[in-house]
Amino acid sequence: MPRNKLAWRRGVFVILILASLALLTLSFRQTESGPVHAVQEAGASLLSPLQSWGAKVAEPFQDGYQWLKTLWSAHQRAERLEEELQILKGEAIKLEEQGEENLRLRGLLDLRDKGTYPDGTDFKVARVIGKSPTRWQAWVQIDLGSADGIRAGLPVVGATPAAGEVLAGKGLVGKILSVTEHTSQVQLITDSESSVMAKIQGSRAEGIVEGSVSGDLIMDYVDRDVVVESKLVIVTSGYGPVYPADIPIGIVASVGEEDVNIYKEIEVRAFVDFRVLEEVMVLILPEGTTASSTWTTAAPTSTTTAPTSTTAAPTSTTSTPATTVQPGMGR
Amino acid sequence: MFRVQLIAAGKALLLIVLAVALQVLVVSRVSVLGVTADIFLIFTVVVAMSRGSMHGAIFGFVAGIMADIAFMETLGLRSFIYVLTGYLVGMAVLRFGTTNAWGVLLVAGTASLVAQMLYGIVQYAMGPRAGFFTMVAAQILPEMVLDALITVPVYLLLARLRVIPVHRAGVGAARSGAE
């Protein structure tokens, strides 16, 4: 680059900088009515028609842009609200679930507080984590095992949502059939292999409540001469080695009598709805004792009638006066 | 020779008018990232990159005065900044010869950053309206990005339309193209 050209370029640059600074200084120093401001105002007034014309021309485009912007933001807002709605719906369902769980747990507490259990009985609430896949067996799996103090043969009660009657929804579920370290299998009273020594409140009738493959509960071995009315409450009698006395089982749904049968056959409607069982409570009876030997109430009044029911079902393992619980076998 | 210079001056004048029209009619009405692009600065950068530092400085001076009038700002403020910017950009291109698309992007971004920093310093000296870092985050950086992104297509378009010299778009040409 020629030397004089470089100097010329630098000279122009310096002049322009100085001119700018001079303009700047003048702008700052002069009053609003000074010539520099007058020039600026003149320039601005020349541009103002262009600006207002531009504003008019741009208005539809701006409106369109604003419309698109609003549309986009509305779309985003709708998406956000939809997400919030889904979250709130989830929350509502969760709260509803918690409410129902609360009711069920309250039912279990009610069972614990109002029931009559042997001294030293502990109560553990467990969650149902599995169910029998077929109707041939009726059992549920719970999330407590030997590590939690659960052992085979312990009675299990439960509470399920049910409307109407006072005891509805709360009652006997079954007994622990087998135990692993962290889970247990509970045989339901509706299992065809299950039988529970029971009595009907208000009639002094006693018998054995048995399950069936169909899921129905039948109370058998009830003397024909005992008057049994429907809607009477059936509770455990406490005679067997497993179940303490006075745990509600269900109500008398219907009473059947056959000429060839020396016993009444009573259809029982269980308090617990086994289809919707979600939590249960395991009654951890003191080890080395049986339910029948340690109850605190109701037992004395039943002792006189006990022989009649035990002898009435000689083939039933439940009625056998076994003093030790056979894991998975005791009834 | 005089004819060539006259045509160049005419094109520069055309660019000034175009810059005013674009800035007043279009750009000042469109806000992106919360800022509006500075077409005067963009055109100054384009001219400086294509024609060199002296033309860049002169164009910057005139564009700055027009910008001061259009923006109703202190006369001389933007012309001072644009003269500096135009001159420095021209010198940088002459020195490094970066006139491909990425080079344009880089130079335009840097020029916008420098110009806005200068403008910010002046504003700050006259009484800050906001914290420095707030202005950097809310004004300087977004406008730097916007200006840089707009400069590239403007540069390529003006080069294609032969409003600015095409032969300077190459690196080698930039190096050899003396004032």
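Thr190(A) sits in the loop that links strand E5 (184-188) to strand E6 (195-200) of chain A. The model is predicted, and every value below is computed from it. Despite its place in a loop, Thr190(A) has a relative accessible area of 8%. Residues under 20% count as buried, so Thr190(A) is buried. Which residues is Thr190(A) in contact with, leaving aside its neighbours within four places in sequence? They are Ala138(A), Gly211(A), Ser212(A), Gly215(A), Leu217(A) and Phe274(A). One of these contacts, Gly215(A), lies in the turn of the hairpin formed by E7(A) and E8(A). Another, Leu217(A), falls within strand E8 (residues 217-223) of chain A.

Glu210(A) has Ile218(A) in E8(A) as its bridge partner. Six residues separate the strands of this second hairpin, and Gly215(A) in its turn takes a positive phi of about 95°.

What is the phi of Tyr221(A), which is not a glycine? Its value is positive, at about 60°. Most residues other than glycine have a negative phi, which is why such a value is worth a look. Tyr221(A) belongs to strand E8 of chain A. A further case is Asp246(A), whose phi is positive and near 70°. Where Tyr221(A) lies in a strand, Asp246(A) is in the loop between strand E9 (233-236) and strand E10 (248-256) of chain A.

Chain B is built from helices: there are seven of them and zero strands. Read from the N terminus, its elements run α-α-α-α-α-α-α. Chain B has 179 residues, and buried residues make up 50% of them. Among contacts in chain B with a separation of 6 or more, 69% join residues 24 or more positions apart.

The two chains meet in a contact that takes 29 residues from chain A and 30 residues from chain B. Between them they bury about 2,700 Å², of which 78% is on carbon and sulfur atoms. How many salt bridges does the rule find across the interface of chain B and chain A? The count is zero. Polar contacts do occur, in five residue pairs across the interface. On the side of chain B that touches chain A, the elements giving two or more residues are helix H1 (2-26), helix H3 (53-70) and helix H4 (77-96) of chain B. H3(B) gives the most, with nine residues. By class, this side of chain B has 21 nonpolar, five polar and four charged residues.

Notes:
Residues numbered from 1 in each chain as written. Chains lettered and ligands numbered in written order. Predicted model: local features only at pLDDT ≥ 70, side-chain atom pairs only at ≥ 80, totals over all residues. Heavy atoms only, no water. Helix = DSSP H or I, 4+ residues; strand = E, 2+ residues; numbered from the N terminus. Buried < 20%, exposed > 50% of the residue type's maximum accessible area, 1.4 Å probe, protein only. Contact = heavy atoms within 4.5 Å. Pairing = 2+ DSSP bridges. Buried area = accessible area lost by both parts, 1.4 Å probe. Salt bridge = Lys/Arg side-chain N within 4 Å of Asp/Glu carboxyl O. Polar contact = N/O pair within 3.5 Å; in protein donor to acceptor, adjacent residues only side chain to side chain. Nonpolar A, V, L, I, M, F, W, Y, C, P; charged D, E, K, R; others polar.
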